[in-house]
Structures are given as C-alpha cells and as structure tokens.
Amino acid sequence: LYTHPGCAFSAAAKMDYRRREVEFVEIDVSKQPDKIPELERLTGGERITPVIVEDGTVTIGFKGGS
C-alpha cells in the first residue's frame, strides 16, 4: 500500500484494512522517496496515492472497503 501523509484516501484505505484486519505493508513515499520511481511505474508516471498492490493487481486510489 503506497501512501503519503495528508492524503485522505490513503488514511481511509489504512483505516479500512485495519478495521477488516487485513495485513498490509505500508510504503510511505514521504519517508521512502527511493520508492517514488516504483510508484510512478505502477501509475503510468503519476505521483498519486494510495496505490494498492494485491496479488499482482494494481489499484490506484481507494473508493471504500468491501
């Protein structure tokens, strides 16, 4: 889960995962700027968060939990 502080959608994704007790690894690009090129590869060049990578499937953004 690629996140950035101040991103409401990143916060919502993390809250949803915690509520549903879904394990995740957070990559905060503000603390790990070396991961930004990886993020940009996943998004087609954009610096947007959150980006969720689950079982090889990439989801850009968060629209609410299931």
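## Salt bridges

The structure holds 5 salt bridges, a salt bridge being a side-chain nitrogen of Lys or Arg within 4 Å of a carboxyl oxygen of Asp or Glu. This is a predicted model, in which local features need pLDDT of at least 70 and side-chain atom pairs count only at pLDDT 80 or more, while totals for chains, interfaces and linings use all residues. Residues are numbered from 1 along each chain as its sequence is written, and side-chain values use heavy atoms, with hydrogens and water left out.

One of the salt bridges joins Arg 20 to Asp 16 (2.9 Å, N to O). Asp 16 has a relative accessible area of 6%, so it is buried; Arg 20, at 31%, counts as partly exposed. Buried means under 20% relative accessible area, exposed over 50%, and partly exposed in between, with a 1.4 Å probe and protein chains only. Asp 16, Arg 20 and Arg 19 are linked in a network of salt bridges. Another salt bridge joins Arg 47 and Glu 40 (2.8 Å, N to O).

## Helix 1

Helix 1 covers residues 8-19; helices (H or I, at least four residues) and strands (E, at least two) are DSSP runs, numbered from the N terminus. Ser 10, Ala 13, Lys 14, Asp 16 and Tyr 17 are buried in helix 1. They lie on the same side of the helix because they cover an arc of only 160 degrees around its axis, taken from the directions from the helix axis to the C-beta atoms. The face turned away from this buried side carries the exposed residues Ala 8, Met 15, Arg 18 and Arg 19.

The buried residues of helix 1 pack against strand 1 (2-3) and strand 3 (51-54), where contact means heavy atoms within 4.5 Å.

## Nonpolar cores

The largest nonpolar core has 6 residues: Tyr 2, Ile 27, Val 29, Ile 36, Leu 39 and Val 51. Such a core is a set of buried Ala, Val, Leu, Ile, Met, Phe, Trp, Tyr and Cys residues joined through side-chain atoms within 4.5 Å. A second, separate core of 5 residues includes Leu 1, Ala 13, Tyr 17 and Ile 52.

## Asp 28 and Lys 31

Asp 28 lies in strand 2. This residue is buried yet has no salt bridge, and the nearest side chain of opposite charge, Lys 31, is 4.2 Å away. Lys and Arg count as positive and Asp and Glu as negative; His and the chain ends are not counted. Lys 31 sits in the loop between strand 2 (27-28) and helix 2 (36-43), and counts as exposed at 68% relative accessibility.

Note on methods
The expected span of a helix is 1.5 Å times one less than its number of residues.
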